[in-house]
Amino acid sequence: MKIGVLGAGAMASVLAGRWSAAGHELFIGARNAGAARTLAARLGVDVPSGSLRDAALFGDVALLAIWPTGVIAALLQAGAAEGTLAGRVVVDCNNPVETRSFTLTTGEASLAEQIARLAPGASVVKAFNQCQAGVWAMDPPHFDGRPLTVPLCGNDPASKDITPPPFNVRSSVHEYGGGACVTRLIQDLGCRALDVGPLHRARHLEAMAAVVIGLLFSGTDPLTVFNLVSSTAPSAPLENRNHEEGARASRLPHLDSGDAVTR
Ligand SMILES: NC(=O)c1ccc[n+]([C@@H]2O[C@H](COP(=O)([O-])OP(=O)(O)OC[C@H]3O[C@@H](n4cnc5c(N)ncnc54)[C@H](OP(=O)(O)O)[C@@H]3O)[C@@H](O)[C@H]2O)c1
């Protein structure tokens with residue numbers, strides 16, 4: 001896939017590095033051309049770099065990895081309101097969380113939904129926001145012999161396809177749909193994708209991250225959190241599961257139980 005990366009910080013660096021190693025074609029864009037150039041050069045001599053707008057226009061997929069207070073400004077710089085992201089999958093890994101009381105800085109709409117409103121025609125998928133950059137750098141991110149489970153949500157019907165068809169890294173996003181593309185990008189990190197529903201679920205993923213970040217700041221090992229999702233978790237979206245399955249899910253270990261400290 002062709003992936004335009006907006007941002008040149010920690011998350012951009014680690015995700016771009018892993019996807020580049022998996023054979024995807026990357027472009028690094030940032031407000032600071034020098035930072036974009038430096039990261040691109042680290043990824044490979046032929047990795048191009050440029051502005052946020054260039055990155056938005058580059059690929060089938062755009063990763064938005066911007067400091068949360070700058071996300072909206074970065075989108076505007078990238079020309080999202082003018083349609084530069086239309087027809088592309090926008091991966092939102094950002095956490096609108098302030099770190100004094102570990103609460104969300106958004107109102108009723110999640111950051112992911114705000115991004116979708118500001119980027120007409122884009123298929124926004126929330127993913128990769130639950131773990132710190134060091135986890136994404138692990139190759140593979142396995143814990144106790146199990147792959148990390150990565151929740152994602154988005155409105156593209158194809159995001160329900162948790163097991164996409166055989167996929168060539170050069171394949172177009174249009175052949176597979178947004179969610180299937182992100183599923184593939186998750187699998188390329190050695191992780192397992194878990195579709196948790198449409199984009200309105202992003203407000204819950206963002207709230208979960210607020211809890212995880214609070215744990216991180218308090219010194220609790222946050223690496224365990226999504227390792228706790230069973231490796232036999234059902235492949236159907238959580239919202240579509242019947243009551244019996246819901247009851248089974250409710251018996252999964254919880255963060256605040258002793259089960260949380262399993263490693
Ligand atoms: N780090 C993690 O472990 C982690 C894990 C999960 C999710 N996240 C989320 O991922 C996102 C990126 O985090 P990070 O750790 O990669 O941050 P970071 O290392 O500080 O990098 C932030 C990037 O955002 C850019 N930026 C900041 N304000 C901007 C603005 N107003 N306009 C345009 N660009 C702007 C920065 O550019 P400059 O260099 O020019 O300032 C930099 O390229 C955040 O939303 C965070 O919540 C982070």
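Is aspartate 144 buried or exposed, going by the other C-beta atoms within 10 Å? Aspartate 144 is exposed, because 9 other C-beta atoms lie within 10 Å; the cut-offs are 20 or more for buried, 12 or fewer for exposed and partly exposed in between, with C-beta atoms placed from the backbone.

## Basis

This is a predicted model, in which local features need pLDDT of at least 70 and side-chain atom pairs count only at pLDDT 80 or more, while totals for chains, interfaces and linings use all residues. Residues are numbered from 1 along each chain as its sequence is written.

## Backbone exceptions

Most residues other than glycine have a negative phi, and most peptide bonds are trans. Aspartate 144 has a positive phi of about 50° although it is not a glycine, and lies in the loop between E9 and strand E10 (146-147). Helices (H or I, at least four residues) and strands (E, at least two) are DSSP runs numbered from the N terminus.

Phenylalanine 128, also not a glycine, has a positive phi of about 65°. This residue sits in the loop between E8 and H6 and is buried, with 26 other C-beta atoms within 10 Å. A cis peptide bond, omega about 0°, joins aspartate 139 and proline 140. Proline 140 is in the loop between helix H6 (133-137) and strand E9 (142-143).

## Ligand shell

There are 23 residues around the ligand, and Gly9, Gly70, Asn94, Asn95 and Gln132 come nearest (a residue counts if its C-beta atom, placed from the backbone, lies within 6 Å). The shell divides into 14 nonpolar, 8 polar and 1 charged. Nonpolar here covers Ala, Val, Leu, Ile, Met, Phe, Trp, Tyr, Cys and Pro; Asp, Glu, Lys and Arg are charged, and the others, Gly among them, are polar. H1 gives the most to the shell, with 3 residues.

In helix H2 (residues 33-43), Ala36, Leu39 and Ala40 are buried. They lie on the same side of H2 because they cover an arc of only 100° around the axis, taken from the directions from the helix axis to the C-beta atoms. Gly34 and Ala41, on the other side, are exposed.

The buried residues of H2 pack against H1, strand E2 (25-29) and strand E3 (49-50). Leaving aside neighbours within four places in sequence, isoleucine 28 is in contact with residues including Ala36, Leu39 and Ala40 (contact: C-beta atoms, placed from the backbone, within 7 Å).

Terms used. Contact = placed C-beta atoms within 7 Å.
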